[in-house]
Amino acid sequence: MPELARALRVNALELLRQPGATKPIEISIPGAELDVVHDQLVGDIVIDVELEAMNDGIEVVGTVRAPWAGPCRRCLIDLSGTAEGVVDELYQVTVIDDDAYPIVDNQLDLAPMARQVALLELDQERLCRADCAGLCAGCGIDRNEASCSCDLTVTDNRWAALDGLVLDE
Ligand SMILES: [Zn+2]
Ligand SMILES: [Zn+2]
């Protein structure tokens, strides 16, 4: 196992012996080492969390951040930023809470949680702004910057005409 991935495995036994004890962890790791393969990921994923020992497990609170670059879904302009997912998870030796992650062999493994959060954040819809007008479906013009005289109702009617077609089986 690569060294960084190993750093994401925490000895849970020590913490579980002292409820209330906390342990901060900040680690920067290439997506590949977390099995995060995503076309919009452009740098290391940062896991910045604090572990807190509870009576029934270990609570992990913090963030997972992933730098990304990709097109606006509507107008295709290039965008970039850092996606930040909030982490608030419970790890348990005996998983009672349905949403809890297991502590296996006294090891708390942050990798599966970080992978899940990072992928969820990277899959978010990217828009240059909430009211991006997008590209005209008729002529492709960027409707944020220019207007056109395309009558899209006509386009719709053309498609509607296809509904009347009877296809041979
Ligand atoms: Zn846009
Ligand atoms: Zn147009």
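# Reading the zinc site and the strands

Q: Which residues coordinate the zinc ion (ligand 1)?

A: Four cysteine SG atoms do: those of Cys72, Cys75, Cys128 and Cys132 coordinate the zinc ion (ligand 1) at 2.3 to 2.4 Å. Donors here are N, O and S atoms within 2.8 Å of the metal (3.2 Å for Na, K and Ca); water is not among the atoms, so sites may look incomplete. Keep in mind that this is a predicted model, where local features need pLDDT of at least 70 and side-chain atom pairs pLDDT 80 or more, while totals for chains, interfaces and linings use all residues. Residues are numbered from 1 along each chain as its sequence is written, chains are lettered from A and ligands numbered from 1 in the order in which they are written, and side-chain values use heavy atoms, with hydrogens and water left out.

Q: What is the geometry of the site of the zinc ion (ligand 1)?

A: Ideal angles at a metal are 109.5 degrees for four tetrahedral donors. Four donors count as tetrahedral if all angles lie between 85 and 135 degrees. Here the angles among the four donor atoms of the zinc ion (ligand 1) are 103 to 116°, and the site is tetrahedral.

Q: What spacing do the donors of the zinc ion (ligand 1) follow along the chain?

A: The spacing is C-x2-C-x52-C-x3-C. Cys75 lies in the loop between strand S4 (58-71) and strand S5 (78-92), and Cys128 in the loop between helix H3 (111-122) and helix H4 (152-163), so this pair ties together parts that are 53 residues apart in sequence. Helices (H or I, at least four residues) and strands (E, at least two) are DSSP runs, numbered from the N terminus.

Q: Is Cys75 buried or exposed?

A: Buried means under 20% relative accessible area, exposed over 50%, and partly exposed in between (1.4 Å probe, protein chains only). Cys75 is buried at 8%, whereas Cys128 is partly exposed at 32%.

Q: In which sense do S2 and S3 pair?

A: Two strands pair if DSSP finds at least two bridges between them. S2 and S3 pair in the antiparallel sense over eight bridges, and Thr22 has Glu52 in S3 as its bridge partner. S3 and S4 also pair in the antiparallel sense, over eight bridges, with Ala53 opposite Ile58 in S4. The hairpin of S3 and S4 has four residues between the strands, and Gly57 takes a positive phi near 155° there.

Q: Where does Asp35 lie?

A: Asp35 lies in the loop between strand S2 (22-29) and strand S3 (45-53). Its phi is near 60°, a positive value in a residue other than glycine, and Asp35 is exposed, with a relative accessible area of 55%.

Note on methods. Four donors count as tetrahedral if all angles lie between 85 and 135 degrees; four count as square planar and six as octahedral if opposite donors are over 155 degrees apart and all others between 65 and 115; anything else is irregular.
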